[in-house]
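Me: I would like to learn how to read the features of a protein model, one at a time, with the general idea first and the case in hand after it. Could we work through the structure below in that way?

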Amino acid sequence: MGRTLFWVIPLTAFLLAIHAAHATSSAPLALKFPSTLGPEDLAALLGLRQRILQSADAWDLVQNRTFGVGAAGHETIFLHDHLDEALPHLRSTLLGLAARADSAAGWGVVEGETLRARCLELIRYKGSDSGKSSDIGWHADGATLVTMAIMLSKPQDFEGGALEFAEVNSVEDKIIFELELGDAIAWRGWTRHRVAPVTRGLREVFVVEFWLEDDCAESRQARS
């Protein structure tokens, strides 16, 4: 007998998703912000990986994850309170970008809400000479309202790895985004998306997911 798998989504997030789906059916699936962070912030974000790998709680913050069907694994480092300690100004910058994206795209999921970080992550995708690629299969982000990713690699550092978005019932008419170093992109948590296979080099990104529940810096939960 088969099992039924499901997410338990907080009621407020569920109602916001229903409202947004009706109010913004023609809204863009994602919104890109060029050159969001400067060189110092980008270098500090990349430096957090080594800081965490050398910390006492590295065993709890470093994972190899796979999402979706047919996806290869990728390294994920959960930043928790390390981000606010190293870059205390970045949280307000990210919240401001999420609000700008929500307003510009007409999503209607952020206004009047107090957003908290569901997760703060550094993600690495590696290419391989053997042809085995690192990617994330098609998926959505569960109870997340707005997800943001910031590119930490230069385009010449890797091949593949485009960020792709699609409507719920089809991946045929997908929308593809290529990101430059420092670019940010935002989307609603329930939007289907994936990272295309990385076939060469190293692709590194910083990702934050915003929701209405506990902040990961306080709960220290990798992802609820």
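Me: Which residues touch the most other members of the largest nonpolar core?

Reply: In soluble globular proteins, nonpolar side chains tend to be buried together. A nonpolar core is here a set of buried Ala, Val, Leu, Ile, Met, Phe, Trp, Tyr and Cys residues joined through side-chain atoms within 4.5 Å, where buried means under 20% relative accessible area, exposed over 50% and partly exposed in between, with a 1.4 Å probe and protein chains only. In this predicted model, the largest core has 39 residues, and those touching the most other members are L45, L79, L83, M148 and F206. Two or more residues come from each of α2 (39–53), β3 (74–78), α5 (90–105), β4, β6, β10 (184–188) and β11, and α5 gives the most, with six residues. A second, separate core holds 17 residues, including A30, F158, L179 and W187.

Me: Before we go on, what conventions lie behind these names and values?

Reply: Residues are numbered from 1 along each chain as its sequence is written. Because the model is predicted, local features need pLDDT of at least 70 and side-chain atom pairs count only at pLDDT 80 or more, while totals for chains, interfaces and linings use all residues; side-chain values use heavy atoms, with hydrogens and water left out. Helices (H or I, at least four residues) and strands (E, at least two) are DSSP runs numbered from the N terminus, and the protein has six helices and eleven strands. Of its 224 residues, 50% are buried.

Me: Which residues does L45 touch, leaving aside those up to four places away in sequence?

Reply: A contact means heavy atoms within 4.5 Å. By that rule L45 touches L37, L83, L87, L90, L122, L152 and F206. I77, which has its place in strand β3, touches R49, I52, L53, L61, V62, L120, E121 and L122 under the same exclusion of residues up to four places away, and I77 counts as buried at 0% relative accessibility. For the protein as a whole, of the contacts between residues at least 6 apart in sequence, 85% join residues at least 24 apart.

Me: How should I read strand pairing, and which strands pair with β11?

Reply: Two strands pair if DSSP finds at least two bridges between them. Strand β4 (residues 116–126) runs antiparallel to β11 and is joined to it by ten bridges, with R116 opposite W211. Strand β6 (residues 146–151) pairs with β11 in the antiparallel sense over six bridges; here I150 has F206 as its bridge partner, and A149 has V207. Strand β7 (residues 158–160) is joined to β11 by three bridges, again antiparallel, and strand β8 (residues 163–166) by four, also antiparallel.

Me: Which way do the side chains of β6 point?

Reply: In a regular strand the side chains alternate between the two faces of the sheet. In β6, V146, M148 and I150 point one way while T147, A149 and M151 point the other, and all are buried. Since six of the six residues of β6 are buried, the strand is largely enclosed by the rest of the structure. β6 also pairs with β10 in the antiparallel sense over five bridges, and T147 stands opposite W187 there.

Me: How many aromatic pairs are there?

Reply: A pair of aromatic rings is described by the distance of the centres and the angle of the planes. Rings of Phe, Tyr and Trp (its six-membered ring) pair if their centres lie within 6.5 Å, and planes under 30 degrees apart count as stacked, over 60 as edge-to-face and the rest as tilted. The count comes to two aromatic pairs. F165 and F177 form an edge-to-face pair, 5.8 Å centre to centre with 85° between the planes; F165 lies in β8 and F177 in β9 (residues 175–177), so the pair ties together parts that are twelve residues apart in sequence. Ring pairs link F165, F177 and W187 into a cluster.

Me: What sits over the ring of W211?

Reply: A charge sits over a ring if NZ of Lys or CZ of Arg is within 6 Å of the ring centre and within 35 degrees of the ring normal. The charged end of R118 sits over the ring of W211, 5.3 Å from its centre. W211 lies in strand β11 and is buried, with a relative accessible area of 6%.
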